[in-house]
Amino acid sequence: MIENLIQLLESEYGYPVYLQGSMSSDESYPNNFFTYWINESNDESHYDNGENAIVWDYDLNFYSNDPLKVHSMMLNIKKLLKQNDFIVSGGGYSVMSDEPTYTGRGLNVLYREQL
């Protein structure tokens with residue numbers, strides 16, 4: 001399922017998407033980028049001795065060297081995700097950056113995959 005989220009973000013915004021913590025210490029940050037983390041995935045809708053859906057739980061973060069862009073992107077991202085059947089609650093939260101010139105915001109994102 002993560003492939004769908006990555007493809008949606010890259011095609012809509014053109015910014016790279018990384019697994020949280022996967023950039024090497026000698027790699028320079030792009031001006032704008034996303035990171036994700038899969039918190040968990042749980043079976044749901046059990047019938048006939050099997051699961052019929054999986055609920056995926058992601059943290060999605062957006063980082064930029066432009067602090068105003070970080071805040072304005074949250075509403076755009078939330079709208080895009082909801083239009084594509086993701087469940088997004090709230091307006092996001094601040095996330096730390098390893099680089100002092102970058103700020104970040106995150107969203108908790110759920111997706112119910114029907115099997």
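In the largest nonpolar core of this predicted model, which has 27 residues, the members touching the most others are Y13, F34, Y58, F62, I77, L81 and V109. A nonpolar core is here a set of buried Ala, Val, Leu, Ile, Met, Phe, Trp, Tyr and Cys residues joined through side-chain atoms within 4.5 Å, where buried means under 20% relative accessible area with a 1.4 Å probe, protein chains only.

Another core, of five residues, lies apart from it and includes M23, Y63, V95 and Y102. Leaving aside neighbours within four places in sequence, F62 has contacts (heavy atoms within 4.5 Å) with residues including Y15, F34, M73, I77 and R105.

The protein holds two helices and six strands, in the order α-β-β-β-α-β-β-β along the sequence; these are DSSP runs, helices being H or I of at least four residues and strands E of at least two, numbered from the N terminus. Of its 115 residues, 39% count as buried, and among contacts between residues at least 6 apart in sequence, 55% join residues at least 24 apart. The C-alpha atoms fill a box of roughly 55 × 30 × 25 Å along the principal axes.

Residues are numbered from 1 along each chain as its sequence is written, and side-chain values use heavy atoms, with hydrogens and water left out. Local features need pLDDT of at least 70 and side-chain atom pairs count only at pLDDT 80 or more, whereas totals for chains, interfaces and linings use all residues.

How values were computed
Buried means under 20% relative accessible area, exposed over 50%, partly exposed in between (1.4 Å probe, protein chains only).
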